[in-house]
Amino acid sequence: MPTDQQIFDKISELLKPYNVKNKPILRTSGIMSDLEVDSTAVFDLIMELEDHYDISVPMEVISDVKTVGELVNAIQDLLNS
């Protein structure tokens with residue numbers, strides 16, 4: 001089972017290509033608001049996480065997640081269920 005930090009590191013790694021302004025990726029960073037990742041890229045990110053962790057992220061979870069930290073928590077919850 002990956003740790004919270006490992007999930008954060010993986011999300012940060014996957015976000016790097018979409019973070020065109022190279023802003024620092026923090027748990028409090030808004031994925032769309034602060035990092036300016038568009039909705040299409042968010043879906044690509046989610047698909048990469050689903051493949052990596054062999055999980056399925058429900059649409060309502062995707063629409064509720066606003067920050068990197070919330071995404072870490074959502075992935076952690078899905079892995080633990």
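The side chains of E13 and K10 meet in a salt bridge, with N and O 3.3 Å apart; the term stands for a side-chain nitrogen of Lys or Arg within 4 Å of a carboxyl oxygen of Asp or Glu. Both residues sit in helix α1, three residues apart, about one turn of the helix. An α-helix has 3.6 residues a turn, so residues three or four places apart point the same way. K10 counts as buried because its relative accessible area is 17%, while E13 is partly exposed at 45% (buried is under 20%, exposed over 50%, partly exposed in between, with a 1.4 Å probe and protein chains only).

This is a predicted model, in which local features need pLDDT of at least 70 and side-chain atom pairs count only at pLDDT 80 or more, whereas totals for chains, interfaces and linings use all residues. Residues are numbered from 1 along each chain as its sequence is written, and side-chain values use heavy atoms, leaving out hydrogens and water.

Helices here are DSSP runs of H or I with at least four residues, numbered from the N terminus. The buried residues of α1 are I7, F8, K10, I11, S12, L14 and L15, and their cover includes α2 (39-53) and α4 (68-80).

The structure holds four salt bridges. In another of them, R27 pairs with D4, the closest N and O atoms being 2.8 Å apart. This pair links distant parts of the chain, with R27 in the loop between α1 and α2 and D4 in helix α1, 23 residues apart. R27 is partly exposed at 29% relative accessibility, and D4 is partly exposed at 31%.

Definitions and conventions
Helix = DSSP H or I, 4+ residues; strand = E, 2+ residues; numbered from the N terminus. Contact = heavy atoms within 4.5 Å.
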